Amino acid sequence: MSPQPPQYVYWQRNDRMINYDDSRRDITIETTPGPRTQSRLIIREPQINDSGNYTCSASNTEPASIYVFVSKGKLPCQA
């Protein structure tokens, strides 16, 4: 762990950077710098093709990865 907050936080899906993908207006990245910087990737209305290996990496830390599986489901019925 580095004592300084990272200058940049990068998000990738299957080794492709998604931070600056202008074709995806439904993706938001929120980064909160500090002694323990946090970054969140938010995908509104995810699709099946959003499944994959997501990696968050910063200039002065080890990357962290998670595999996300999106399945086709039904929304609950609202009365």
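This is a predicted model: local features need pLDDT of at least 70, side-chain atom pairs count only at pLDDT 80 or more; totals for chains, interfaces and linings use all residues.
User: What makes the pair Y8 and Y10 stacked?

Analyst: Happy to walk through that. The ring centres of Y8 and Y10 are 6.2 Å apart, and rings pair if their centres lie within 6.5 Å. Their planes meet at 20 degrees, and planes under 30 degrees apart count as stacked, so the pair is stacked. By this rule the count comes to one aromatic pair.

User: Why is Y8 called partly exposed?

Analyst: Y8 has a relative accessible area of 44%. Buried means under 20% and exposed over 50%, so Y8 falls in between and is partly exposed. Y10 has a relative accessible area of 27%, so Y10 is partly exposed by that reasoning too.

User: How do you know that Y20 counts as exposed?

Analyst: The relative accessibility of Y20 is 61%, and exposed means over 50%, so Y20 counts as exposed. Y20 sits in the loop between β2 (16–17) and β3 (27–32). Its C-alpha atom is separated by 9.5 Å from that of Y10, ten residues apart along the chain.

User: What makes up the largest nonpolar core?

Analyst: Eight residues do: V9, W11, I18, I27, I43, Y54, C56 and A58. They belong together because a nonpolar core is a set of buried residues of the listed kinds joined through side-chain atoms within 4.5 Å.

User: Which residues is W11 in contact with, leaving aside its neighbours within four places in sequence?

Analyst: Among them are I18, I29, L41 and C56.

Definitions and conventions: Residues are numbered from 1 along each chain as its sequence is written. Side-chain values use heavy atoms; hydrogens and water are left out. Buried means under 20% relative accessible area, exposed over 50%, partly exposed in between (1.4 Å probe, protein chains only). Contact means heavy atoms within 4.5 Å. Rings of Phe, Tyr and Trp (its six-membered ring) pair if their centres lie within 6.5 Å; planes under 30 degrees apart count as stacked, over 60 as edge-to-face and the rest as tilted. Helices (H or I, at least four residues) and strands (E, at least two) are DSSP runs, numbered from the N terminus.
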